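Colleague: Please take a close look at a single part of this structure and describe how that part is placed in its surroundings.

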Amino acid sequence: MQLAYRITVRLLAVGIAALAMSACAAQNSSTSSTRTDRTPPTSASATGAAPAGRPSGVRRRSTPPAVTPGELAAVTSTTATTAPAASPSSSRQHRALPIAGRTVGIDPGHNGGNFTDPSYINRLIWNGREMETCNTTGTATDAGYTEAQFNFNVASFLAADLRTQGARVVLTRHTNTGVGPCVNKRAHLIDASGAQVAIDIHADGGPPGGRGVAILEPVADGINNRIIAASERFGRMVLRQMETVAGMPPSTYDGTGGIVFRDDLAGLNLTTVPEILVESGNMRNATDAARLITPGFQRLEAHALDRAILQFLTGAP
Ligand SMILES: [Zn+2]
């Protein structure tokens, strides 16, 4: 029912026949039927031109929602504990850390409270190309372990890893009990943070027979033009580290060799920071699900992502 509602609202508001699907699945039941909407972008969309059938008026860019100083402070304030201490010795130690002074954005997809407030998450926002719902619930394993929880756990482990290496970390949410924020707000928070790289952490709700990692890459749309090449480079690093460190193979069902270009997601359309979305595995596949739900794997994935970020920022092998 929820998918039908989303479709109806979307068609009314945007007036388009094509429905673009958010990353992951909005609801478990909608997953398989909506994944066929994930067609690779055409050459027209790759160059920023309006795809056929999409009214030109839809592409009118609205003013991005502003991120208030208070909101940015709220997001970054919890990273204050990572600031170097004032003593000379600790300052020297901090400077010696591999990514001291660098800023990394982490967006743990969805939120645990999204299940409770459909009116909030179904409101429409501008994603840089078209209207999209504010957020979705995300998927879950057959046993009910939610993607929102998984994303939050991996993000927390990754943030800790990055801070020990001197980085300032900007998270788009700090608990798994709230609702939202909307995907456009998440993008603007990271854009405004001064991050040098960012990662959106998700897990997929794909066909039960498929498994593995998919890297969702941005497609040039004007706003994100300057970070396309860097994001592709970063994405390949993440894919490789997910395989070698976390032992997760490239997706057997999404994209080509685990790489997918997506032009329908606010996080990738609105970013001005090199950024990818990692679908860490398929929660509807028994093999992947058994790994994804364990804290051991979640730590291992965080380590893999940390290695990729370090490689991207410093050139480390
Ligand atoms: Zn997701």
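Modeller: Two strands pair if DSSP finds at least two bridges between them; helices (H or I, at least four residues) and strands (E, at least two) are DSSP runs, numbered from the N terminus. The model is predicted, with local features requiring pLDDT of at least 70 and side-chain atom pairs pLDDT 80 or more, while totals for chains, interfaces and linings use all residues. Residues are numbered from 1 along each chain as its sequence is written.

The setting is an open sheet of six strands in the order 4-1-5-8-6-7, with mixed pairing. Its edge strands are strand 4 and strand 7 (259-262), each of which pairs on one side only. Strand 1 pairs with strand 5 in the parallel sense over five bridges, and Ile201 in strand 5 is the bridge partner of Pro108. On this sheet packs helix 7, which touches strand 1, strand 4, strand 5 and strand 8 (contact: C-beta atoms, placed from the backbone, within 7 Å). The direction of helix 7 makes about 150 degrees with that of strand 5 (axes are lines fitted to C-alpha atoms, for helices over the stretch in contact; angles run from 0 to 180 degrees between N-to-C directions).

Just after helix 7, Gly166 takes a positive phi of about 100 degrees.

Methods. Two residues are in contact if their C-beta atoms, placed from the backbone, lie within 7 Å.
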